[in-house]
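Okay, thanks for coming, everyone. I've got one structure to walk you through today, so let's get it up on the screen.

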Amino acid sequence: MSLHCWLILVVFIAVTSAVDPGVKVKLTAKGLEYGRQLGMASIEQKLKAIKVPDISGKQKVSPIGKVKYSFSQLKIVKVGLPKSAVDLVPGTGVKLSIANAFISLHGNWRVKFLRIIKNRGSFDLNVNGLTIATSIAIKRDETGRPTVSVVSCAATVGSASIKFHGGASWLYNLFKKFINKALRNAMQKQICPLVADAVTDLNPQLKTLNVVAKVDKYAEIEYSMVSSPTVSQASIDLSLKGEFYNIGKHQEAPFSPTAFSLPPQNNNMLYIGMSAYSVNSAAFVYNKAGALSLYITDDMIPKSSPIRLNTRTFGTFIPQISKSFPGLMMKLLVKTEKTPVITFAPKAVTAQASCTVTAYAIQPNTALSPLFILNLETSVSGQLFVSGMRVAGAVSLNKMDLTLRTSYVGEFQVRSLNTILQMVLKVVVIPILNVQLAKGYPLPAIGKMKLVNTQLQVLKDYMLIGTDVQFTG
């Protein structure tokens with residue numbers, strides 16, 4: 001796991017927060033600490049990449065006079081970062097602090113004095129007490145994606161000790177203090193530009209963040225930033241749009257999110273609150289796309305069931321059907337009349353759907369003869385769970401109510417069909433619906449992110465996902 005992946009997570013959370021969000025996310029101090037642990041190895045590699053330029057010049061050394069010197073092929077051989085911290089900067093972003101760091105270098109030296117005397121050797125330099133303090137601003141670009149930049153950076157070197165090997169090393173010992181300062185300054189100038197480059201290198205990766213995530217052939221969900229982040233001493237809180245759209249056609253839902261606030265929990269690294277508005281916008285999208293309709297035929301009924309979709313079975317309850325359409329198979333069309341409504345209450349998810357059920361007799365030439373149309377009001381209970389990087393669910397039937405809308409076979413008692421329709425819902429419609437719900441819809445994804453120790457609670461008007469995070473590469 002690289003520092004890049006973790007910073008992308010922080011940035012995504014910080015910038016992805018207009019008014020009325022469908023999704024809220026909170027990154028806690030525990031999440032920041034996990035990121036710090038992951039990031040130090042990456043920073044060490046960056047510091048090892050520091051390129052210290054060759055240094056040359058002249059220095060007057062008593063008693064031999066002017067000495068020409070040069071230091072070349074300087075290479076960093078060891079970096080240590082024993083103390084580091086990542087802190088939130090309210091209203092800005094993130095501050096990265098490193099203290100008591102050390103760097104060891106090896107290089108070659110060359111000297112010329114008294115015009116004709118030359119010598120060379122090697123040296124080892126140990127830089128101690130290195131401190132780095134960097135503030136990183138988190139903003140949004142024109143596409144609603146995050147972007148980062150270094151606001152300030154300060155790097156200081158506490159002390160340096162140098163040891164010369166070979167040749168006239170005694171000469172360098174005469175002006176060691178000057179050499180120490182030259183090498184320290186050369187290194188110190190490299191650190192902040194390197195940190196700024198490392199931060200800037202994140203932006204191409206941030207461009208790949210899945211702020212619009214495809215769900216299936218009908219829908220996608222948008223996770224773009226809708227307002228500026230709220231950065232406090234304890235967490236980064238953000239607001240995401242969290243609205244479903246038909247693919248290729250972003251029509252806003254005819255309703256607005258209900259305001260909600262995340263509870264002050266901090267046991268997990270990450271908290272994601274997904275409002276009922278988000279799932280209701282999904283219902284709006286699928287209903288508008290015509291996806292909430294289903295033709296039911298007899299082959300979809302379990303073979304063990306005594307109830308068949310044919311005019312003989314239905315003729316038992318409505319005699320005119322078997323008289324007018326003897327020996328024919330039937331087909332039912334179950335279709336939503338309007339967008340279903342999903343509600344979240346503590347430990348409870350319910351959905352109300354107003355549907356129609358149209359019954360047809362299938363003629364020998366496959367033509368459909370309408371028999372009747374029923375109004376069907378249903379209520380289902382839902383369960384929600386996290387599967388991988390997706391939120392999924394399942395439903396079960398609570399109750400149903402039938403009334404007659406239109407009959408093409410004369411008057412009949414609708415309640416006589418309750419048993420048949422209830423069976424159709426339980427063994428055909430709901431299992432098919434649950435297959436789709438089990439596929440779920442994607443959460444915001446950043447690199448190879450994995451959720452662990454995940455819990456999901458249903459609260460008033462939203463569900464809360466508390467989770468830790470692992471990066472697998």
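I'll start with a sheet and then turn to the helices on it.

Quick caveats: this is a predicted model, where local features need pLDDT of at least 70 and side-chain atom pairs count only at pLDDT 80 or more, while totals for chains, interfaces and linings use all residues. Residues are numbered from 1 along each chain as its sequence is written, and side-chain values use heavy atoms, leaving out hydrogens and water.

So, the sheet. It's open, with six antiparallel strands in the order E11-E12-E1-E14-E23-E22. Helices (H or I, at least four residues) and strands (E, at least two) are DSSP runs numbered from the N terminus, and two strands pair if DSSP finds at least two bridges between them. At the edges, pairing on one side only, sit E11 (230-231) and E22 (449-459). Look at E1, residues 23-27: five bridges join it to E12, residues 236-240. Lys24, for one, has Ser239 in E12 as its bridge partner.

Now the helices. H2, residues 29-48, packs on the sheet and touches E1 and E23 (462-471); contact here means heavy atoms within 4.5 Å. Its direction makes about 15 degrees with that of E23, with axes fitted to C-alpha atoms, for helices over the stretch in contact, and angles running from 0 to 180 degrees between N-to-C directions.

Then there's H6, residues 276-288, lying across E1, E14 and E23 at about 50 degrees to E14. How many of its residues are buried? That's 12 of 13, with buried meaning under 20% relative accessible area (1.4 Å probe, protein chains only). Among them are Tyr277, Phe284 and Tyr286. Just after H6, Gly290 takes a positive phi of about 80 degrees.

Methods. Buried < 20%, exposed > 50% of the residue type's maximum accessible area, 1.4 Å probe, protein only.
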